[in-house]
Amino acid sequence: MDAPVRDWAAFVTPGEGEDIAHLDLAVEGITCAACMVEIERGLGALPGVTRARLNLTNHRLALEWNPQETGAATLIDSLERLGYRAHPFDPGRRNEAELAESRMLMRALAVAAFSAMNIMLLSVSVWAGNASDMSPTTRDFFHWLSALLALPAAAYSGRPFYLSAIRAVRAGRLNMDVPITIGVTLALALSVMQTIQHAAHAYYESAMMLLFFLLIGRWLDHNMRRRTRAFAENIAALRAETAILIGDDGGLSEVPVSAVGSGERVLVRPGERVSVDGVVASGSSEIDQSLVTGETGLVGIGPGAEVYAGTLNGSGQLEIRVVAAGSGTLIEEVNRLLDNAMQAKSRYMRLADRAAGLYAPLVHGAALLTFIGWWLAGIGWQPSLVIAISVLIITCPCALGLAIPAVQVVASGVLFREGVLINSGDAIERLAVADTIVFDKTGTLTLPAPEIVNADEIAAGALDAAARLALSSRHPLAAIISAAGKATAPFDNAEEIAGSGVAATFGDVDLRLGSPAFCDAEAEAETIAGRHPTASLIAYRVGENPPVVFAVEQALRTDAVAVADALRQRGLTLHILSGDRPAAVAGIAAELGIDDWQGGLKPTEKIVAIEKLRDEGRKVLMVGDGLNDAPSLAAADVSVSPVTAVSVSQAVADCVFMGSRLGPVVTALDIARRAHGIMKENLWIAAVYNVVAVPLAVAGFVTPLLAAAAMSGSSIVVTLNAWRARLGRAGLGEA
Amino acid sequence: MDVLLFTIPVALLLGFVFLMAFLWALRNGQFDDLDGAANRVLLDDDVDEADNGNSQSPT
């Protein structure tokens, strides 16, 4: 079967205007506004393109074009030639709800702001007038105007809080929105009553300013989460959530999972994840069901067996008849990871959670006691109620509740942008305190796929020709050579000689590719072997010319040496624990300057080594390829895994980093340390605020307006402090 | 004092008009890409020489 054709039609939606097609793309490689200009001008200049608009906030491109003049494939190629890779979004699963909620919060914020500020205008006048000689009629007029502004605005902009409070009370618990709702309602009711009684004081501005400040905090928080989630969705688009549809004519096309209907047939190749729920129509293989059932053993399946989306296919090719229309699992996994990260259950969080849980009843209790206390002290029930409202507002534990999650959300977002996915929220704290790093070798320090390591010694012409010859061989090393030379056309008369190599004639010249013996290249092979002792060698000879020898092995990641230096600079001790032969590990350890290394370890021995380090009191960060290192990864205090061909959830590690560079490990450590520091600052801010503010409120020194300002102020300070996690530089090159 | 009966409601009405304008801009999607909007202000639009008969100095 040929490679499937990408069916762009499934990703394209109708655009604005007749005969206009629309496509949304997640674009990789955007670094600044100049990229935005390049892309928009570059694509906008192409014929047929009516709209090319890049959203710099979430790195998404909205493209519209006339299908008669150009097509999606052309446009994406043009984008790639500009230097940016792009991946389409599955239109069946756009998350519109978050954008809608963000806008709803902004609308509520705008209404609350309008109302609060105009009421302040009137209230300040009344306060000044009370001190001088404002007439009671004027004051009443201002109060009634304030009521007119406050009541509808409070009803509209307070909805997020009221609805949340009602839901919580219905569920039998108290959350932080309950005291807010009670506070706002009491303040407004009291104010109306006092206005009717022609009193000198009313509290409309307190209620509205409270809502205004709280909404600012909510909007900031929601927006941070939206950004983080947008990057996660971009990463999911990058992993291309598609299924290979088998058409009625047997042709293959690659479509988004949501476009696959019930009863259609889907192809799952060896090593791929099953994209849909269905029944095997033909083929047999083994399935790793751990994602769904938790079983880690492989289950053999054949025709008639049920398979589930998200499970990993083994070595056989399967044709699946779809039972349930796919809902796609990768983006759900990523979202689940994200949700886990955001609802962190870390040590600090658990503490803060419990504190916040006890707090709500405490808040109401304190307010009630204050009310009773002052009433008994004889100042009258209305002033007592005012003080009680102040206490209710100021004791609200919003800052404490936001202290840790706010930082985690911001840090997760920064990490996503750097290509690091966090699997669990408290990973950040554990990363921050790590002082020892253990590296696996194969696939971690080295790239997972072998490549030609002496490419710079080989003439380009030789590589191209060798690559064409390699197409005719089924040897795994040959595939690497043909990929490196980007060969597409094999030689017609090429012949593979089992165990030796491939031979062909071009014109009247003999071409040979294969073992050094096959190409009479043993002498040259020895020289190359001297330089690359652990590489596999393939020779290539044209006629009687001197042979060329390719050394193929898994190369060290390009920035591995720089990363090792950077980590040592940051005070970490480095180790290598590898299952590979000691000879192979020694060379790499020497290159990286790591003295503590062990080779030839079995998985259980790795665990023993890690436990030994932990017994010495070290906090161990293990960086390993998640596939067979799962137990050792679990044995360490915190673990990081490179994502290669493995699906995100298969990595047992706490964090997963994308790409072929090791730099993200350093970046993750830097960001985690900074975030950890900020979390501690936030807890202090929340604690100090409560210790100072509550006694002042109970003692009657705080008006409801001041209470609103102080309480929201503390939340906003905590949230903005969390934003500092985005600042500063992290990663290689920044000490 | 009577003038206040007039001026304050007028002021509130003006404020309300701006509130509506803001809500319209929000619905129009103008706040969806704050980073992009911030940077677009700084971009240069090259003068298109084909359109101008009397072109200014070449960019």
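Student: How many aromatic pairs does the structure hold over all chains?

Tutor: This predicted model holds five aromatic pairs over all chains.

Student: Why is the pair of A:Phe141 and A:Phe142 called tilted?

Tutor: The ring centres of A:Phe141 and A:Phe142 are 5.9 Å apart, and a pair requires centres within 6.5 Å. Their planes stand at 55 degrees. Stacked planes are under 30 degrees apart and edge-to-face planes over 60, so the pair is tilted.

Student: What makes A:Phe141 count as buried or exposed?

Tutor: The relative accessible area of A:Phe141 is 17%. Buried means under 20%, and therefore A:Phe141 is buried.

Student: How do you know whether A:Phe142 is buried or exposed?

Tutor: A:Phe142 has a relative accessible area of 5%. The limit for buried is under 20%, so A:Phe142 is buried.

Student: Why is the pair of A:Phe212 and A:Phe213 called tilted?

Tutor: The rings of A:Phe212 and A:Phe213 have centres 5.7 Å apart and planes at 35 degrees. Since stacked requires under 30 degrees and edge-to-face over 60, the pair is tilted. A:Phe212 and A:Phe213 are both buried.

Student: Where does the charged end of A:Arg512 sit?

Tutor: The charged end of A:Arg512 sits over the ring of A:Phe518, at 4.5 Å from the ring centre. The distance limit for such a contact is within 6 Å.

Note on methods. Residues are numbered from 1 along each chain as its sequence is written. Chains are lettered from A and ligands numbered from 1 in the order in which they are written. This is a predicted model: local features need pLDDT of at least 70, side-chain atom pairs count only at pLDDT 80 or more; totals for chains, interfaces and linings use all residues. Side-chain values use heavy atoms; hydrogens and water are left out. Rings of Phe, Tyr and Trp (its six-membered ring) pair if their centres lie within 6.5 Å; planes under 30 degrees apart count as stacked, over 60 as edge-to-face and the rest as tilted. Buried means under 20% relative accessible area, exposed over 50%, partly exposed in between (1.4 Å probe, protein chains only). A charge sits over a ring if NZ of Lys or CZ of Arg is within 6 Å of the ring centre and within 35 degrees of the ring normal.
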